[in-house]
Amino acid sequence: MAIQLNKGIVLQEVDGQAILVGTGRKAAYWRINGTALLMLKRLLDGDTATEVVESIAQTHDIDRLRVKADIDQLVAALVEARLIRADSSD
């Protein structure tokens, strides 16, 4: 899954969390927690969803299916909010 921030979107880290802010007529504002920030940054850096799932599942001793579902939910929500665009190939 390749993702990119949409044009006009700013990602700002604040105290281990992040704020995504959109500009223009359909401005959006999202705050995400540290785990979601880790997922998002890794995906933005080009890691595959599978690589992110494996890393987080091993590091935090969490079920892989749960991590995958969380990533899918995060990406879907950010796409719906028009903050990112995603290529679902992974």
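**Entry 1: aspartate 61**

I started with aspartate 61, which counts as exposed at 71% relative accessibility, since exposed means over 50%. I am working from a predicted model, so I keep in mind that local features need pLDDT of at least 70. Where does aspartate 61 lie? I found it in the loop between helix 2 (49-60) and helix 3 (64-80). I then looked up its backbone: phi of aspartate 61 is near 50°, a positive value in a residue other than glycine.

**Entry 2**

Next I turned to the two helices. Two packed helices are described by the angle between their axes and the distance between the axes. For helix 2 and helix 3 I noted an angle of about 130°, with the axes 9 Å apart. The two helices are therefore oblique to each other. Their crossing is right-handed. Which residues make the contact? On helix 2 I listed Ala49, Val52, Val53, Glu54, Ile56, Ala57 and Gln58. On helix 3 the list is Arg64, Val67, Lys68 and Ile71. I sorted the residues of this contact by type and got seven nonpolar, one polar and three charged.

**Entry 2: arginine 82**

I followed helix 3 onward to arginine 82, in the loop between helix 3 and strand 5 (84-87). Arginine 82 has a positive phi of about 65° although it is not a glycine. Is arginine 82 buried or exposed? My note says exposed, with a relative accessible area of 53%.

Last, I went back to the strands. Strand 2 (residues 10-14) and strand 3 (residues 17-21) run antiparallel, and five bridges join them. Two residues sit between the strands of this hairpin, and there aspartate 15 takes a positive phi near 50°.

How many bridges join strand 3 to strand 4? I noted four, with strand 4 covering residues 29-32 and running antiparallel to strand 3.

I also traced the partners of one residue in strand 3. Leucine 20 is the bridge partner of leucine 11, and in strand 4 the bridge partner of leucine 20 is tryptophan 30. A reminder to myself for looking at side chains here: in a regular strand they alternate between the two faces of the sheet.

How values were computed:
Residues numbered from 1 in each chain as written. Predicted model: local features only at pLDDT ≥ 70, side-chain atom pairs only at ≥ 80, totals over all residues. Heavy atoms only, no water. Pairing = 2+ DSSP bridges. Buried < 20%, exposed > 50% of the residue type's maximum accessible area, 1.4 Å probe, protein only. Axes fitted to C-alpha atoms, helices over the stretch in contact; angles between N-to-C directions. Parallel < 35°, antiparallel > 145°, perpendicular 65-115°, else oblique. Left-handed = near helix turned anticlockwise from the far one by under 90°. Contact = heavy atoms within 4.5 Å. Nonpolar A, V, L, I, M, F, W, Y, C, P; charged D, E, K, R; others polar.
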